[in-house]
Every structure is written in C-alpha cells, then in structure tokens.
Amino acid sequence: MTMKLIFIGPPGSGKGTQAKRLASRFGIPHISTGDILREAVADGTALGQQAAPIMAAGQLVPDDLMVGIIRERLTKADAKKGFILDGFPRTLVQAEKLDTIVSGNGQGDLRVLQLLVPDEAIVKRIALRRTCAQCGAIYHLENQPPAAKDVCDKCGGALIARPDDTETAVRKRLESFHRQTAPVASHYKAKQLLREVNGIGPVDQVFERIEKSLN
Ligand code: AMP
C-alpha cells in the first residue's frame, strides 16, 4: 500500500514524534520542511542564507521557494512508495501546487491527517516541558520525569525550560499556526481528504488512533 500523507498538527502536539513513528512503520520518508530549511541554514547554502532571517523572524519562506524544494524532494527514489509531509503545505498556494505535483507524478491519492489538541492542553504540556541544556533530551515533569530533579538521565546535564517555551511565546506560535492552517485544512476538507484524530493521551494510544484512521 502506498501512503502519501500530509500531517497537520499544532506545535507541541506530538506531531513530530508520531510522524517519525509512522514513517518507520510504513518504510517511507518523513519529510519535514522545517528540518530541510534548518539543515540548509547550518550548511550555509544559498537557500539557507535566504531562509535564515525569515525563519528567525517567525515568518513564512516564500511559496515559490518551498514548492521548488518539495517538487525536487518528491522526485527522489525513496518517495516513490510514499511519504509523510510535515510542515508543508502551510498556505493555500502551496496546497494547490502540491496537488498538481502529486497528480503529475502519478502519485494520486493524498491523505491528510490532522492531529487535534486544544490550545489549553498544549500550553499546559509545554509549561511542564524540560530540555537538557547539554544533549537536548526532552522530559515532561508529569508524564516523563527525570530520575533526579533537574538532571538529565542520559548525560547528567542540567534540565532547563527552553526560552521559547514560555506561555506567551507558545500562544503566539499557536495563533499563527491556526491562522496559517485553517485555509489548508478547509481545502482538503472540501475534497473529503481530511481525517481528524484526537491527539490527547499517551503516545502509544494516539499512534493507535492514527493507524486506525488510516486503515
Ligand atoms: P517548523 O519546524 O515546521 O516549525 O518550521 C520552521 C520555520 O521554517 C517556519 O517558522 C518557517 O519560517 C519555515 N517553514 C517551514 N515550512 C515552511 C513552509 N511550508 N512554508 C513556509 N515556511 C516554512
């Protein structure tokens, strides 16, 4: 079975974790435009130099550039069996171009999965999130606490709250997510391709719901 999936979900919803699991379950690439851009910035490529200030300002990279990146990525051999798109499409223009690319590649049947987590739950979740300043491991003070308070189990580093994990910053990220995503979700809803999955609960339980909704 081929799986061409667009994965939509708010920041802090567990979307990245679930997308990675799905990708390994189906043996298809997890394509995150955020990761592609961050890699380009780190490598100092022309794309990275153009994208860096836009990303730093929390704005969207121009549609033409993003569509070009995805067009090229989807022609690679590993995407023939399917793919999971994470972070793309972010605008209606991107969604319409993607539809054209996928049908042009003979990759017809897109599916769109939206992970639903209420804003209040995300704000609460992120307030309890701690990150290791040394190795980047992520903890949750209730769901996944470290063995010793404020100390990383993996490397012994100090656990901190990320500076962009404040309530104000999180609410701002959520607001722009909703503004950007609403038209993309409605586009796929109108085509009857959108499936909505409840994203509240333990990772395994959410993953089960996702698998069920795809079957
Ligand atoms: P993300 O990791 O998905 O939150 O993406 C990080 C940043 O990369 C975003 O804030 C945007 O600046 C940029 N970006 C990622 N995907 C897209 C996209 N599909 N369209 C425009 N900008 C994007």
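Which helix gives the most to the shell around the ligand? Helix α2 (residues 33–43) does, with four residues; helices (H or I, at least four residues) and strands (E, at least two) are DSSP runs, numbered from the N terminus.

This is a predicted model, in which local features need pLDDT of at least 70, side-chain atom pairs count only at pLDDT 80 or more, and totals for chains, interfaces and linings use all residues. Residues are numbered from 1 along each chain as its sequence is written, and side-chain values use heavy atoms, with hydrogens and water left out.

**Ligand shell**

There are 13 residues around the ligand, and Thr 33, Arg 38, Gln 59, Gly 87 and Gln 94 come nearest. A residue is near a molecule or strand if one of its heavy atoms lies within 4 Å of it. By class, the shell has six nonpolar, five polar and two charged residues. Here Ala, Val, Leu, Ile, Met, Phe, Trp, Tyr, Cys and Pro count as nonpolar, Asp, Glu, Lys and Arg as charged, and the others, Gly among them, as polar.

| Protein atom | Ligand atom and distance |
|---|---|
| Thr 33, polar side-chain atom | nitrogen, 2.8 Å |
| Gln 94, polar side-chain atom | nitrogen, 3.0 Å |
| Val 61, backbone N or O atom | nitrogen, 3.1 Å |

Taken alone the ligand exposes 480 Å², and the protein buries 81% of that. Accessible areas come from the Shrake-Rupley method with a 1.4 Å probe; for residues, only the protein chains shown count as cover.

**Helix packing**

Helix α2 packs against helix α4 (residues 63–74) at an angle of about 100°, with the axes 11 Å apart. The contact (heavy atoms within 4.5 Å) is made by Thr 33, Ile 36 and Leu 37 of α2 and Met 66, Ile 69 and Ile 70 of α4.

A cis peptide bond joins Phe 88 and Pro 89, with omega about -5°.

Note on methods: Polar contact = N/O pair within 3.5 Å; in protein donor to acceptor, adjacent residues only side chain to side chain. Axes fitted to C-alpha atoms, helices over the stretch in contact; angles between N-to-C directions.
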